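Hi everyone, and thanks for coming along. Please have a look at the sequence and the model on the screen, and then I'll walk you through it.

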Amino acid sequence: MPEPLRPLGRPRLYEQVLHRLREYVAANGLGRGDKLPTERDLAERLQVSRASVKQAVVVLEVQGLVDVRQGGGIYLRADTLDGEPVTELEARRRRLPDVLEAREALETKLAELAAERRTEQDLARIDAALELMAELIDSGGAVDEGDRRFHEAIAAAARSTLLADFMRAISGPVAESRRESLRQPGRPSRSLAQHRAIAEAIRAGDPRAASAAMRRHLKTVARVRLLDWTPEN
């Protein structure tokens with residue numbers, strides 16, 4: 001059995017910096033679009049190394065809470081810096097590659113089968129998902145729902161009961177990977193364009209092109225800031 005009175009871990013320095021940054025944003029009423037002090041200024045004011053500040057900023061960037069512009073500073077992408085605990089972020093980073101690998105294996109086949117088996121009703125459902133995603137992008141809202149409906153419409157069009165069961169079994173981790181991808185700057189519009197390419201191949205009844213378009217899309221989904229982050233102990 002695990003020892004219930006094992007020593008408590010100390011907060012890592014960059015996690016303490018994160019806490020101070022959240023307090024700073026809240027106390028000063030900062031919100032989306034506002035600029036934070038530079039890393040150098042933060043390091044001096046907090047009396048920590050720039051490396052610790054940089055690690056904290058990377059965590060905020062990975063969570064989609066700040067935008068770090070080369071030579072332009074650090075800007076808030078939300079009205080708060082409240083995010084998930086670093087331990088949860090680390091856990092998601094560990095499981096994400098497996099999820100992305102499973103998605104590529106399953107969804108490229110589903111796209112191939114959808115191109116062979118789709119009906120007019122399936123195409124209408126795919127088109128409706130594309131329209132919803134475009135509307136959500138135009139309104140500046142979260143586009144997760146449009147993305148989910150698009151991939152679910154393809155799974156339905158494939159008419160493969162077992163593959164659909166597999167996708168439902170991993171729906172939670174898939175949703176997690178979807179959120180991770182769509183929080184990347186500029187990603188929603190790029191995903192929509194790739195979705196349209198997949199839909200065109202399915203509409204044309206071209207299994208090979210549909211599979212290839214889905215694979216290209218999922219390679220883009222896999223390019224997320226989280227996987228470039230190396231947590232410090």
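This is a predicted model: local features need pLDDT of at least 70, side-chain atom pairs count only at pLDDT 80 or more; totals for chains, interfaces and linings use all residues.

Let's start with an annotation: UniProt, in an unreviewed entry, places the feature "coiled-coil region" at residues 96-123. UniProt positions are given here in the numbering we use, feature names are shortened, and annotations may be inferred rather than shown by experiment. In the model, the end C-alpha atoms of residues 96-123 lie 30 Å apart, and the span is 93% helix and 0% strand.

Residues are numbered from 1 along each chain as its sequence is written, and side-chain values use heavy atoms, with hydrogens and water left out.

Now the overall picture. How many helices and strands are there in the protein? There are ten helices and three strands, and along the sequence they follow the pattern α-β-α-α-β-β-α-α-α-α-α-α-α. The C-alpha atoms fill a box of roughly 65 × 50 × 25 Å, taken along the principal axes. Of the 233 residues, 44% are buried, meaning under 20% relative accessible area, with exposed being over 50% and partly exposed in between (1.4 Å probe, protein chains only).

Next, the core. In soluble globular proteins, nonpolar side chains tend to be buried together. A nonpolar core here is a set of buried Ala, Val, Leu, Ile, Met, Phe, Trp, Tyr and Cys residues joined through side-chain atoms within 4.5 Å. The largest one has 65 residues, and those with the most contacts inside it are Leu-81, Ile-126, Phe-150, Ile-154, Ile-202 and Trp-229. Which helix gives the most to this core? Helix H4 (residues 86-117) does, with ten residues.

Take Ile-154. Leaving aside neighbours within four places in sequence, Ile-154 is in contact (heavy atoms within 4.5 Å) with residues including Leu-110, Ala-114, Ile-126, Ile-202 and Met-214.

Let's go back to helix H4, where Arg-103 is found. Is Arg-103 buried or exposed? At 1% relative accessibility, Arg-103 counts as buried. Its side chain is joined to that of Ser-177 by a polar contact of 3.1 Å. A polar contact is a pair of N or O atoms within 3.5 Å; within protein, one must be able to donate a hydrogen and the other to accept it, and residues adjacent in sequence count only if both atoms are side-chain atoms. Not counting residues up to four places away in sequence, Arg-103 also touches His-151, Val-174 and Leu-218, among others.

That brings us to Leu-218, in helix H10 (residues 207-221). Leu-218 counts as buried because its relative accessibility is 5%. Leu-218 and Leu-100 are 118 residues apart in sequence, with 7.6 Å between their C-alpha atoms. Beyond its neighbours within four places, Leu-218 is in contact with Arg-103, Glu-104 and Glu-107.

One more residue: Gln-194, in helix H9 (residues 187-203). Gln-194 has 15% relative accessibility, so Gln-194 counts as buried. A polar contact of 2.8 Å joins the side chains of Gln-194 and His-217.

On a 1 Å grid over the protein atoms alone, a cavity is a set of points where a 1.4 Å probe fits but cannot get out, and a pocket is an open set with protein on both sides within 12 Å along at least five of seven lines; lining residues have an atom within 4 Å of a point. Grid points are joined across faces, edges and corners, and a volume is the space filled by probe spheres set on the points. The largest cavity holds about 40 Å³, and among the residues lining it are Arg-103, His-151 and His-217. The largest pocket holds about 580 Å³.

Terms used
Helices (H or I, at least four residues) and strands (E, at least two) are DSSP runs, numbered from the N terminus.
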